[in-house]
Amino acid sequence: MALQDVVGVVSLLVLSSFDPNKADGPSFGVSIAIMFGKFAATLAILFFLSRYVLSWWFKMFAVTGEMLFVGTVGYALGVAGLAGLAEFSPEIGGFFAGVSLSSVPYRLEIEQKVEPIKAFGVVLFFFMLGIDLEMDGESLKTALPWSTLLAVLTVFVFPSIMWALGFVSRFRSRTAFMMGLIINNISEFSLILAQLAHKYEVFDDKLYQVVSFATVITLFLSSVTHVQADFIYDKVSWMIAILDKRTTEEEAALEEFEMEDHVVLLGFNETGLEIAEFYRHNNQDVLVVQLDPALHSTFKKGYVHREHRPIINPL
């Protein structure tokens, strides 16, 4: 997913160089070089802000949920505006703002507060997309077969790439299968790219319609596959069973954790450690839901082993 985001941002940068309003500017190669130079400078500035400023800054907003929401939206709009001054698209600015906020200690609270406006923004985006999309019976007849083919390839063929990567990375078959289902749709990011490509006349009307229809089809099909993921895995598990033969010992040890009769901790700190140790000494397994990768490494080194029973398992 991170690779997709990086490719998407780079694509947005390249598309910005196709803006017809910049026809009298420097050549295409020079424009790309200038754009990537600005991109590197912007990343350096945002790295400095996320490392030394944002945590202190958002601490002042974290007194109430409303202030945290206002500060987050204001920061995102500010970065989008500065991106516009640097001749980036507002979409790139919004992406930069989100990445820089990922290191803030209040990121989970921020995600919770902005989720409603994010959902509303997605609905509004699709609504405006439908308004701008020129469509008639003839164009639908031309675009629908290609859109269906693209959607089928995305939903049913593209996940096989994740199965191959799972084979190389020694994942269990179920883990690789579920990872493949996560990426089996054409995302809103792809639609933004298609919309900009159409705006800058890189895509013609027919190609833009194909991508738009394919996105709608994949969103429907991927929703069905997500709901029926366990059922589908049971039917196709024999096809990827070879992955289980290459599973690392560490991955196999994680699978030993039985998801029943255990204690669940949401988050982990000093108090959480005392609670986990209390239950562990009373011969009961503990499942910790924690996003910090550093704590995952600590758990794997100290607790998640075959000889450790009961165990504390990170998720």
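I began with Val 211, which counts as buried at 14% relative accessibility; buried means under 20% relative accessible area, exposed over 50%, and partly exposed in between, with a 1.4 Å probe and protein chains only. I note that the model is predicted, that local features need pLDDT of at least 70, that side-chain atom pairs count only at pLDDT 80 or more, and that totals for chains, interfaces and linings use all residues. Residues are numbered from 1 along each chain as its sequence is written, and side-chain values use heavy atoms, with hydrogens and water left out.

**Entry: Val 211**

I placed Val 211 in helix α11. Helices here are DSSP runs of H or I with at least four residues, strands are runs of E with at least two, and both are numbered from the N terminus. I then listed the contacts of Val 211, leaving aside neighbours within four places in sequence, and found Ala 194 and Phe 203. Contact means heavy atoms within 4.5 Å. I also took the C-alpha to C-alpha distance from Val 211 to Trp 146, which is 8.9 Å for two residues 65 apart in sequence.

**Entry: Thr 218**

I stayed in α11 (residues 205-227), where Thr 218 lies. Thr 218 is buried, with a relative accessible area of 0%. Not counting residues up to four places away in sequence, Thr 218 touches Ala 151, Thr 154, Val 155, Asn 184, Asn 185, Ile 186 and Ser 223.

**Entry: helix α7**

Ala 151, Thr 154 and Val 155 are among the buried residues of α7, and I found Ser 139, Ala 143 and Ser 147 buried there as well. The buried residues of α7 pack against α8 (159-169) and α11. I recalled that an α-helix has 3.6 residues a turn, so residues three or four places apart point the same way.

I checked the length of α7 (residues 137-157) next: its 21 residues at 1.5 Å each should span 30 Å, and the end C-alpha atoms are 29 Å apart, which agrees. The expected span is 1.5 Å times one less than the number of residues. I also found a bend of about 35 degrees at Ala 143, with a proline, Pro 145, following within four residues. The bend at a residue is the angle between axes fitted to the seven residues ending there and the seven starting there.

Trp 146, Leu 149, Val 152, Leu 153, Phe 156 and Val 157 form a nonpolar patch with about 590 Å² of accessible area together. Patches are made of residues with over 30% relative accessible area and no salt bridge, joining like charges within 9 Å and nonpolar side chains (Val, Leu, Ile, Met, Phe, Trp, Tyr) within 5 Å. Areas come from the Shrake-Rupley method with a 1.4 Å probe, and for residues only the protein chains shown count as cover. Leu 153, in α7, is partly exposed at a relative accessible area of 42%.

**Entry: helix α6**

I found a kink of about 45 degrees at Glu 115 in α6 (residues 107-132), shortly before the proline Pro 116. The buried residues of α6 are Ile 110, Phe 125 and Leu 129. They pack against α3 (54-61), α4 (65-85), α10 (188-199) and α11.

I placed Gly 180 in α9 (residues 173-182) and found Gly 180 buried, with a relative accessible area of 0%. Beyond four places in sequence, Gly 180 is in contact with Pro 159 and Met 162.

I searched the whole structure for salt bridges and found 1. A salt bridge is a side-chain nitrogen of Lys or Arg within 4 Å of a carboxyl oxygen of Asp or Glu. The side chains of Asp 230 and Arg 174 meet at 2.6 Å, N to O. The pair links distant parts of the chain, with Asp 230 in α12 (residues 229-236) and Arg 174 in α9, 56 residues apart. Asp 230 counts as partly exposed at 43% relative accessibility, as does Arg 174 at 36%.

**Entry: Asn 283**

I found Asn 283 in the loop between α15 (270-281) and β2 (286-289). Its phi is near 60 degrees, a positive value in a residue other than glycine. Asn 283 is exposed, with a relative accessible area of 64%.

**Entry: whole chain**

I counted 16 helices and 3 strands. Of the 315 residues, 34% count as buried.
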